[in-house]
Amino acid sequence: MIEVRVKPGVEEKIRGFFSWVYNAEILEIKGEPKPGDFVKVLDSKKKFLGYGYINPNTKIAVRLLSFEKGEEISKELIKRRILSALEYRKKLNINSNAYRLVHSEGDLLPGLIVDMYDQYAVIEITTYGMFKMKDWVLEALVEILKPKGVYQKVSDYAMNIEGFDEEERILYGTVPERIKIWEGDLEFYVDVIKGQKTGFYLDQRRARKMIRDLVKPGDVCLDAFCHTGGFALSMIKKGAKSVIAVDMSERALSLGKENAKLNGLEGIQWVEDNAFHFLRKLYREGYKFDVIVIDPPSFARTKAHVENALRGYKELCVTGLKLAKAGGYFAIYSCSFHITREHLLEVILQASRDVKKPLRIVGESFQDLDHPWILQMPNTLYLKGIYLEVLR
Ligand SMILES: C[S@@+](CC[C@H](N)C(=O)[O-])C[C@H]1O[C@@H](n2cnc3c(N)ncnc32)[C@H](O)[C@@H]1O
């Protein structure tokens with residue numbers, strides 16, 4: 001097997017279960033690795049550190065799947081990892097038939113996402129190494145879960161960086177155009193084939209519950225970047241009088257409307273628009289809301305985008321806070337690892353000074369627990385939410 005020796009000092013991180021080796025941290029490679037080859041990682045004194053796969057063409061050169069001597073990468077290891085991911089999800093007692101089964105590094109399966117929607121699995125592969133193990137993954141999923149179908153989504157961004165080529169398609173069984181799932185007392189249609197991500201924002205399950213706790217019967221609410229209505233439906237279900245839900249995706253909104261019908265809920269006004277413009281328009285027209293949710297897409301895929309992203313956040317916070325009633329609530333989320341909780345707090349603070357509104361933090365949320373956040377791998381925490389009471 002190809003051996004990768006890391007520079008002195010790097011071993012400390014890896015012995016502490018950090019599962020990436022950057023290209024710049026490599027001292028020597030024994031062998032001529034091709035993308036996706038399995039490697040043994042050694043420290044500078046040739047002591048064992050772990051097993052992983054390599055992509056010599058990317059900044060993150062090696063991703064580890066095991067820190068145990070003798071536990072080499074094999075079909076059996078992949079199956080064991082998926083089984084233990086499933087065991088963990090069972091312990092969570094998730095109040096839904098839709099959940100994330102595999103969360104990449106969070107389950108020691110770097111480059112693999114698996115979401116379960118009822119009896120269907122949706123997978124997304126983001127690294128060359130995992131791409132080469134796709135048949136093992138599929139076999140294990142079919143054996144363990146006996147799904148009715150497995151669908152593959154792709155990320156052009158990841159494929160460009162890693163240098164592999166795949167297509168979105170059914171890998172096993174059949175997959176309907178729409179899958180009906182339930183979460184708590186709500187039902188949703190999920191469009192895994194043409195929808196965003198794998199079809200539904202499973203990571204906001206906990207946030208939907210927290211927002212529901214803030215809404216009082218009769219409230220007037222705003223759901224900005226609403227997608228298929230996860231927050232909007234939760235608000236109406238709690239007794240909100242009305243919700244304005246805005247998104248620029250016509251497809252997401254039309255599924256949102258059907259989701260409202262499916263649950264027999266009325267009172268949501270669905271608006272197709274750019275949320276930045278639309279929020280300013282609402283302010284000009286004198287609207288005020290009791291509860292405001294702002295859940296934008298990732299504005300910062302890389303560090304280089306952080307500054308621009310923060311400008312976007314600032315604008316959303318300023319306009320959002322202006323739209324809040326005194327005593328109302330305002331929640332904002334970031335789903336980019338690069339926009340930290342501290343960034344968010346700083347931007348909210350700046351906005352509160354601009355609009356002269358004191359704020360009380362009433363809650364915080366992260367991605368729900370089926371998207372594990374591994375302490376040793378900081379980048380496994382990507383989704384953060386801050387909940388504020390607007391005091392005047
Ligand atoms: C993180 S998702 C929101 C998820 C949603 N809150 C949920 O729980 O299902 C971001 C959404 O923003 C939408 N979007 C992206 N840019 C937008 C813009 N400038 N204005 C309005 N919507 C936008 C996308 O279509 C997507 O549905």
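Let's start with Y313. It is buried, at 1% relative accessible area. Keep in mind that this is a predicted model.

Where does Y313 lie? Y313 is in helix α10. Its partner F299 lies in the loop between β17 (289-294) and α10 (306-322). So the pair ties together parts that are 14 residues apart in sequence. F299 is partly exposed, with 25% relative accessibility.

Now the geometry. A pair of aromatic rings is described by the distance of the centres and the angle of the planes. For F299 and Y313, the centres are 5.4 Å apart and the planes stand at 65 degrees. Over 60 degrees counts as edge-to-face, so this pair is edge-to-face. Both residues belong to one aromatic cluster, together with F225 and F276.

How many aromatic pairs does the structure hold? There are 16. Here is another of them, F17 with F67. The ring centres are 5.2 Å apart and the planes are at 85 degrees, so F17 and F67 are edge-to-face. This pair links distant parts of the chain, 50 residues apart. F17 sits in the loop between α1 (10-15) and β2 (20-22). F67 sits in the loop between β6 (60-66) and α2 (75-92). Buried or exposed? F67 counts as buried, at 17% relative accessibility. F17 is partly exposed, at 46%.

Last topic: charges over rings. R301 lies over the face of Y157, 4.2 Å from the ring centre. The charged end of R178 sits over the ring of Y189, and there the distance to the centre is 5.2 Å.

Methods
Residues are numbered from 1 along each chain as its sequence is written. This is a predicted model: local features need pLDDT of at least 70, side-chain atom pairs count only at pLDDT 80 or more; totals for chains, interfaces and linings use all residues. Side-chain values use heavy atoms; hydrogens and water are left out. Rings of Phe, Tyr and Trp (its six-membered ring) pair if their centres lie within 6.5 Å; planes under 30 degrees apart count as stacked, over 60 as edge-to-face and the rest as tilted. Helices (H or I, at least four residues) and strands (E, at least two) are DSSP runs, numbered from the N terminus. Buried means under 20% relative accessible area, exposed over 50%, partly exposed in between (1.4 Å probe, protein chains only). A charge sits over a ring if NZ of Lys or CZ of Arg is within 6 Å of the ring centre and within 35 degrees of the ring normal.
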